[in-house]
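Here's a quick briefing to read with the model open in your viewer. Have a look first, then go through the notes below.

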Amino acid sequence: MIRLYHIVKSYGEHNALRDVSVHVERGEFIYITGPSGAGKSTLLKILYGAERPSSGKMLVGGLDVTALDRERVAQLRRNMGIVFQDFKLLPRRTVADNVALALEVMGAPRDQINRRVPAALNIVGLKGREGSLASHLSGGEQQRVAIARAIVNDPAVMLCDEPTGNLDGGMAVEVMEILQAIHRRGTTVLVATHDQGLMDRFPKRVLRLLDGRLSTIEPPKRRSVAPGVGPAERG
Amino acid sequence: MIEGLRRVVRGIREHFYFFVVSTGVVASALVLLGLFAMVLRDVNAMVGSWQADQHVSAYFAAGVTPEVETEMHALVAGRREVAKVERVTSADAAVWMTERAPELAAVFSELGPAALPASLEITLQPEIATPEKMEAFVASLKIQGTRPDGDGVIGTVWEDVDYGQEWVARVHTFLSLLTALGFAFGAATGLATLFLVANTIHLVVHARQDELAILRLVGATERYIVGPFIVEGVMQGLIGGLTATVVLYAIHQGLLVRLHSLLSLAMGAAPTFLPADQVVVLVATGVALGAGAAWGAVRRFLARLP
Ligand SMILES: Nc1ncnc2c1ncn2[C@@H]1O[C@H](COP(=O)(O)OP(=O)(O)OP(=O)(O)O)[C@@H](O)[C@H]1O
Ligand SMILES: [Mg+2]
């Protein structure tokens, strides 16, 4: 699904990523972890086209996406769901309008929007909250709206940058369970996090970054057969 | 199309205050421009009336016979610099004067009908309005009036040729200054207007930059994002332009017309409101300003987004 070859990203003198090569298979669930400043966000930004690698090459779904123009970046993002720590919702719009946004920008017809938005909200457990204003929801609920927006057009890949960073323990677990459910439907999921507790609770393959370098690729811990470990879950 | 309109309406509804402020700023800018255009029109009309007045009075010397007067009249009328020439006899002049100053009637009847000199009242073509050309015309008129006297001495048929020498020179300098000032003020007004509208719309887009970032993140193309902003800009230009026209009309009726009646002696032609085609240009300027500023601002913010 995702292939990175010798990716380097420098900001002036500073190298945020140094020679990162990774393969992520279709349907995998992967953590990207490492201390603050290790390059986790930078790696995701390169994947969704917000930054261009200084050198190296990358493929997403067999397509070379190393240096796309703005128009192609927009196309790429329509096939990705992106989730951030700070949700990035439009606070004065309703839950349904926020989720519909991802379909509207593609020019999806109204009836399709009316069908898919409730379905996505159902998956994140917000059925019936369509008409609430985004700003009236709790943090956990807002993050679930953001996840619904990310999955509403059935993307092949989902990129999450610290999706539980702003949430307390209970809500973080809820969000992780939703991500697991999405993964079980066949979506490739990449989650950047430094929450070791969550990684222990939902063991998956781990890419560990250290100062911009890929230090280790760990297979999922075997000690528990956590619920939600799908068949695609290989080392 | 319908989807696009929905988005425009939603954008205006969600940011109605910004829409009103932007429209107000466009309207103010256009009032400024329109006022300038109106004053310029008035000044132009004024200049036109002054130039149309370029006038020479050539007074005949005492003792010039009516035959010579007739001959000079024909000569002057034949010159191409001359738009119109009117012969005024001593009697005509006395009547004219008596009409305006009845208290002088007694003086004239005492002095006799020849108290005032006969004259040719000459109106020149507008292109002779510069001091140099008028001076040249008067000089050649003086040469044409030269006659050998009975005693072999050179004499002239003119008592005096009067064209308000100083007045012409002063008006001319003043008009050149006025034109230069007009251009400077016009350029300043235009720049101020552009600056005002561009900055306001820049601020409005700034307030909506989170929305731009989110749209971009979910895969919106630049065209999709910019479109509604441009339509909003067009609407602001239209509404602002029509508002400005109403305000300008009120200013015209309430202020300029009254001011004019106070100064009518100096100004000549009555001020007229902007003609329809200039109103259309004003509104079109608003539309171009609104749409252009929106396009520029959104593009600038998008360029900064990842
Ligand atoms: N736009 C930028 N300009 C300059 N340096 C940058 C920029 N973005 C990131 N960096 C640097 O690159 C390095 C990696 O940053 P990145 O945000 O990827 O870290 P991270 O692993 O996501 O950290 P955190 O856990 O704090 O989110 C950091 O040293 C950061 O200062
Ligand atoms: Mg980060």
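Let's start with A:Val173, which is buried at a relative accessible area of 14%. Keep in mind that this is a predicted model. From that residue we'll go through its helix, then the salt bridges, then the pockets.

**A:Val173 and its surroundings**

- A:Val173 sits in helix α6 of chain A, and its 14% relative accessible area is under the 20% cut-off, so it counts as buried.
- Setting aside neighbours within four places in sequence, A:Val173 touches A:Leu198, A:Arg201 and A:Phe202.
- A:Asp200 is 27 residues away from A:Val173 along the chain, and their C-alpha atoms are 12 Å apart.

**Helix α6 of chain A**

- This helix covers residues 169-184, 16 residues in total, and spans 23 Å from first C-alpha to last, close to the 22 Å expected at 1.5 Å a residue.
- Which residues of α6(A) are buried? They are A:Ala172, A:Val173, A:Val175, A:Met176, A:Ile178, A:Leu179, A:Gln180, A:Ile182 and A:His183.
- As a reminder when you look at that list, an α-helix has 3.6 residues a turn, so residues three or four places apart point the same way.
- The buried residues of α6(A) pack against quite a list of chain A elements: the strands β3 (29-33), β7 (157-161) and β8 (188-192), plus the helices α4 (110-123), α5 (139-151) and α7 (196-201).
- After α6(A) comes A:Gly186, with a positive phi near 110°.

**Salt bridges**

- Across all chains, the whole structure has 21 salt bridges.
- One of them crosses between chains, running from B:Arg10 in helix α1 (residues 2-14) of chain B to A:Glu104 in helix α3 (residues 95-104) of chain A.
- In that B:Arg10–A:Glu104 pair the closest N and O atoms are 3.2 Å apart, and both residues are buried.
- Within chain A, A:Glu141 and A:Arg129 meet in a salt bridge at 3.2 Å, N to O.
- That pair links distant parts of the chain, 12 residues apart: A:Glu141 is in helix α5 of chain A, while A:Arg129 is in the loop between α4 and α5 of chain A.
- Are the two partners buried or partly exposed? A:Glu141 is buried, with a relative accessible area of 18%, whereas A:Arg129 comes out at 28% and so counts as partly exposed.
- Within chain B, B:Arg208 pairs with B:Glu232, with 3.3 Å between the closest N and O atoms.
- Here too the pair links distant parts of the chain, 24 residues apart, with B:Arg208 in the loop between α7 and α8 of chain B and B:Glu232 in helix α9 (residues 222-267) of chain B.
- B:Arg208 has 5% relative accessibility, so it counts as buried, and B:Glu232 at 8% is buried as well.

**A salt-bridge network**

- B:Arg208 and B:Glu232 also belong to a network of salt bridges that includes A:Arg93, B:Glu14 and B:Glu211.
- B:Glu211 lies in helix α8 of chain B and counts as buried because its relative accessibility is 11%.
- Neighbours within four places in sequence aside, B:Glu211 is in contact with A:Leu90, A:Arg93 and B:His15.

**The largest pocket**

- The largest pocket holds about 450 Å³ of space.
- It has 23 lining residues, and those closest to its centre are B:Gln209, B:Asp210, B:Glu211, B:Ala213 and B:Ile214.
- Which helix gives the largest share of this lining? Helix α8 (residues 209-217) of chain B does, with 7 residues.
- By class, the lining of the largest pocket splits into 12 nonpolar, 2 polar and 9 charged residues.

**The second largest pocket**

- The volume of the second largest pocket is about 370 Å³.
- Of its 14 lining residues, B:Leu40, B:Val43, B:Leu178, B:Thr179 and B:Gly182 are closest to the centre.
- Two or more lining residues each come from α2 (16-52) and α7 (165-207) of chain B.
- The lining of the second largest pocket has 11 nonpolar and 3 polar residues, with no charged ones.

Conventions:
Residues are numbered from 1 along each chain as its sequence is written. Chains are lettered from A and ligands numbered from 1 in the order in which they are written. This is a predicted model: local features need pLDDT of at least 70, side-chain atom pairs count only at pLDDT 80 or more; totals for chains, interfaces and linings use all residues. Side-chain values use heavy atoms; hydrogens and water are left out. On a 1 Å grid over the protein atoms alone, a cavity is a set of points where a 1.4 Å probe fits but cannot get out, and a pocket is an open set with protein on both sides within 12 Å along at least five of seven lines; lining residues have an atom within 4 Å of a point. Grid points are joined across faces, edges and corners, and a volume is the space filled by probe spheres set on the points. Helices (H or I, at least four residues) and strands (E, at least two) are DSSP runs, numbered from the N terminus. Ala, Val, Leu, Ile, Met, Phe, Trp, Tyr, Cys and Pro count as nonpolar, Asp, Glu, Lys and Arg as charged, and the others, Gly among them, as polar. The expected span of a helix is 1.5 Å times one less than its number of residues. Buried means under 20% relative accessible area, exposed over 50%, partly exposed in between (1.4 Å probe, protein chains only). Contact means heavy atoms within 4.5 Å. A salt bridge is a side-chain nitrogen of Lys or Arg within 4 Å of a carboxyl oxygen of Asp or Glu.
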